[in-house]
Amino acid sequence: MHTPRDLIDSDRRCLWHPYTQEKTAPDPIPIASARDATLTTVDGREILDLISSWWVTAHGHGHPVIAEAIAQQARTLEQVIFAGFTHQPAVDLAQQLGAALGHGLTRVFFSDDGSTAVEVALKMALHAHQNQGQPRPRLLAFEGGYHGDTWGAMSVGGSSGYFEPYLRNGLDVAFIPYPHTWMGDPFVEEKEALSLLQLEEILLHNAQTPFAACVIEPLIQGAGGMRVCRPEFLQRLAKRLKEAGILLIFDEVMTGFGRTGSLFAFQQCGVTPDIICLSKGLTGGFLPLSATVCQQSLYEAFLGDSFNQALAHGHSFTANPIGCAAAVASLQLFEQENTLSKVSDISSLHQSRMRRYATGKRPHPIAQRPRVVGSMAALDIVAEDAGYQAEIGDRMKRFFREKDLLIRPLGNTLYLLPPYCVTPEQLHRGWDAIDELIEQLEAERRATNASEA
């Protein structure tokens, strides 16, 4: 029988992990099984997953309803080409998504992950304008936004800091400042006004090369550091874009399926996008699947007698029946298990534990910019460097790893985004560890200041 060390050594010889500097990274942790909010290692340790395994696990690991739906579908129809064919799981899922989204978002294009969902949306927007005889070659996006790792998605995430080696040949994108806000932020309205003013200047100076679409993560920029904006800003943004004939794309790859407290973030914004991108929680975290959903009028812009007018995009596993069956089961669980009430309970617990960092006239010396949206809670840890490569990030990862907690900070941004099955006791355990870390960092700062005095 292979030992955990054997598995790690074999991994080191043949695998290449995502977002990892393989030379300096610690050994990967071998996982044997998972259930609910708990991962079990090969040697029997239990690790509490408080980030939903990169934000995908919705109802919990190994949920029996989704697992059974997958098993039944695998015994019936595991895969069929989706060009020229169809099947019941795809139709069922598309109908359920259309009903859940509402607001005319009825045309569903399936692909395989969040990045390709965004890629499809960008191609829809650029191609639709061209089909209508009004080419618009440029795109708008927000500073700090992250939308995936394929070429178009990288282009609209070009200011996120992840893609410096690849951007010379990207799409033509103009970036708008993002009005990041938090609890007690006194300057939020000024930041929103500045963002909209910058948008006006961009539109004025590019009147001869108009923009096809604007892409934004509604309410929360995920990989950009769990940065939050207000619904009021999104409303004003949408109004101005509509006046300019610019399509609005909501990247709800992370924010969809309950993360912000409603099934989809746009539902609490008073804004309906022209295109919405979905993935991650779509299958409950079981299988890779994504959907790009658009308004009927946009779909009709691709209808014609020539293939040149068609959306030339696809994947070998487009609308994979097993993935669609998992997604249908996951969507049904939201109603059967009253999932959004669980999200509300998680949010309330976050709020209560965050209070110590959100009150007082002065910012906390270590944990600042507290914010809670639905099941997401985040703090920025004061450090000499910030952003994804901040040194404090690696230290925090080691701290939580030693406590058997899967908490993966984004640089100096510390956040929780648990699966909805997490118990209050488990969530308090995570917050207790966060408090311990912050107290440790605060004590170190006091000692440093005392020695320098």
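User: What is the lining of the second largest pocket made of, by class?
Analyst: That lining has 19 nonpolar, 10 polar and 8 charged residues. Ala, Val, Leu, Ile, Met, Phe, Trp, Tyr, Cys and Pro count as nonpolar, Asp, Glu, Lys and Arg as charged, and the others, Gly among them, as polar. This is a predicted model, where local features need pLDDT of at least 70, side-chain atom pairs count only at pLDDT 80 or more, and totals for chains, interfaces and linings use all residues. Residues are numbered from 1 along each chain as its sequence is written, and side-chain values use heavy atoms, with hydrogens and water left out.

User: Which domains does that lining draw on?
Analyst: At least three residues come from each of domain 1 (4-62 + 338-452) and domain 2 (64-336), with bounds from an automatic or database domain assignment.

User: Switching to Gly-104: where is it found?
Analyst: Gly-104 sits in the loop between α4 (88-101) and β4 (105-111); helices (H or I, at least four residues) and strands (E, at least two) are DSSP runs, numbered from the N terminus.

User: Why does Gly-104 count as partly exposed?
Analyst: Because its relative accessibility is 33%; buried is under 20%, exposed over 50%, and partly exposed in between (1.4 Å probe, protein chains only).

User: And what does Gly-104 touch?
Analyst: Leaving out residues up to four places away in sequence, Gly-104 touches Cys-294, Gln-295 and Gln-296, contact being heavy atoms within 4.5 Å.

User: How far is Gly-104 from Thr-272?
Analyst: They are 168 residues apart in sequence and 8.8 Å apart in space, C-alpha to C-alpha.
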